[in-house]
Amino acid sequence: MDQRIINLFDEYTHKPLTRDNFLKRLAKLAGGTSAALALLPLLEVNYANAMTVAENDDDIITEDIHYDGDGSTMGGYLARPKKAGKYGSVLVIHENRGLNPHTKDIARRIAKAGYIALAADALAPFGGTPENEDEARAAFAKIDAAKNLNNFLKGLDYLKARPDSNGKTGCVGFCWGGGLANQLAVNSPTLKVAVAYYGRQPEAADVPKIKSFVQLHYGGLDERVNAGIPAYEAALKAAGVKYELYVYEGAQHAFLNDTAPTRYNPEAAKLAWERTMKIFKEKIA
C-alpha cells in the first residue's frame, strides 16, 4: 500500500484529525471515494483476529479487577496462570484506543507464558473504554497526565502486593502505552524491566532517573516516533542505563498489532515478542 496512505492513517489515529477530513484526504490519495472506502478494511483494526490465546485456555484464569487510583477507581483485565505459585507480574499498557480485545489478548499471551498480566484501562476514571474507536480516541483528551501516571504506578503496586506475586514487576506498552512504559521506567524505582513498542521517548533530562532495564522496539518506517530515538539512546548511554534497542526495517508503526492488517508485520512481530519474553524471563521470572 502507498506509504502516504499509511502515514495519513497514522496521522488520523494520533492527531486531532476528524474522520470526515481523514476520509476526504484518503479519497484524494486513493483516487476516489469508492476506492477510499475499499481501503478502509485494510487500514482499520479487525478484532476478529484478536484471539491468539482463548479466554477459556486451560492454563490461565482471566477476570476483571479494580484497584484504587489517583482519586478514582481503576479497572483492568487480569490474566494469570491457573497453577498455584508465585509469579512475576507485567502491567500491559494499551494503545490510544483504550482497553480493547487485542490488548486483552496480549495479557493472555503473557499469562500463558507464566506471568500475572494486568491490562489496565486508562479510561476507567471516565466510565471505561467505549466500543467506538473514535470515541475512545477522543476520550484521551480528558486524561490528566499526572493522575494517569499515578494510576499506572498504582497498578504496579497492586500487582506487587498480590499474594501470587513474586514481588518483581515489569511493564510493556504499545504506541501511547509505549510512551507510558517509558514514563514508568522514569518514575518507578522498583520496576525491573520496561518494554516500549513504538512509544514516545522521555525527556533526556529524566533518563538518569531510570533504574529498570529498558527494551525498545521501533518500526523502521515509523518516522514520526523514530525521530526521538537518537536523543533517547544518547541519554541512556550517558546515564549508564542498561537497555536494548531494536529497529525492524520495513516495519510500520504498530507492527505487532495483528488486528491491524496493513501495518502488522508477522516476522518483526514474532522476533520482537521473542525478545520481550526473553527479557521478562531474565528480569522478573
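Mentor: Let's start with residue classes: Asp, Glu, Lys and Arg count as charged, Ala, Val, Leu, Ile, Met, Phe, Trp, Tyr, Cys and Pro as nonpolar, and the others, Gly among them, as polar. With that, the lining of the second largest pocket splits into 2 nonpolar, 4 polar and 6 charged residues. Keep in mind that this is a predicted model.

Trainee: Which residues line that second largest pocket?

Mentor: Among them are Asp10, Glu11, Lys15, Asp222, Glu223 and Arg224, along with Ile6 and Leu221. The volume there is about 190 Å³. Helix H1 gives the most to this lining, with 5 residues, and H1 and H8 each supply at least two.

Trainee: What about the largest pocket, how much space lies in it?

Mentor: About 980 Å³. Its lining has 34 residues, and His14, Asn96, Phe140, Trp176 and Arg200 lie nearest the centre. Helices H1 (3–14), H5 (133–139), H6 (145–161), H7 (176–187) and H8 (223–226) are the elements that give two or more residues to it. By class, this lining has 16 nonpolar, 11 polar and 7 charged residues.

Trainee: Now the rings. Why is the pair of tyrosine 197 and tyrosine 198 called edge-to-face?

Mentor: A search of the whole structure finds 13 aromatic pairs. For tyrosine 197 and tyrosine 198, the ring centres are 5.8 Å apart and the planes stand at 70 degrees. Centres within 6.5 Å make a pair, and planes over 60 degrees apart count as edge-to-face, so this pair gets that name.

Trainee: And what is the pair of tyrosine 246 and tyrosine 248 called?

Mentor: Tilted: the centres are 6.4 Å apart, with 40 degrees between the planes. Stacked needs planes under 30 degrees apart and edge-to-face over 60, and the rest count as tilted. Ring pairs also link Phe174, Tyr197, Tyr198, Tyr246, Tyr248 and Phe255 into a cluster.

Trainee: How do you know whether tyrosine 197 is buried or exposed?

Mentor: Buried means under 20% relative accessible area. Tyrosine 197 is at 0%, so it counts as buried. Tyrosine 198, with 1%, is buried, and tyrosine 248, with 6%, is buried too.

Trainee: Which charged end sits over the ring of tyrosine 246?

Mentor: That of arginine 275, 3.8 Å from the ring centre. The charged end of arginine 137 sits over the ring of tyrosine 12, 4.6 Å from its centre. The distance cut-off is 6 Å, and the charge must also lie within 35 degrees of the ring normal.

Trainee: Last one: which residues does UniProt list for "domain: Dienelactone hydrolase"?

Mentor: Residues 74–282, in an unreviewed entry. Over that stretch the chain is 38% helix and 23% strand, and the end C-alpha atoms are 29 Å apart.

Definitions and conventions. Residues are numbered from 1 along each chain as its sequence is written. This is a predicted model: local features need pLDDT of at least 70, side-chain atom pairs count only at pLDDT 80 or more; totals for chains, interfaces and linings use all residues. Side-chain values use heavy atoms; hydrogens and water are left out. UniProt positions are given in the numbering used here, feature names are shortened, and annotations may be inferred rather than shown by experiment. Helices (H or I, at least four residues) and strands (E, at least two) are DSSP runs, numbered from the N terminus. Rings of Phe, Tyr and Trp (its six-membered ring) pair if their centres lie within 6.5 Å; planes under 30 degrees apart count as stacked, over 60 as edge-to-face and the rest as tilted. Buried means under 20% relative accessible area, exposed over 50%, partly exposed in between (1.4 Å probe, protein chains only). On a 1 Å grid over the protein atoms alone, a cavity is a set of points where a 1.4 Å probe fits but cannot get out, and a pocket is an open set with protein on both sides within 12 Å along at least five of seven lines; lining residues have an atom within 4 Å of a point. Grid points are joined across faces, edges and corners, and a volume is the space filled by probe spheres set on the points.
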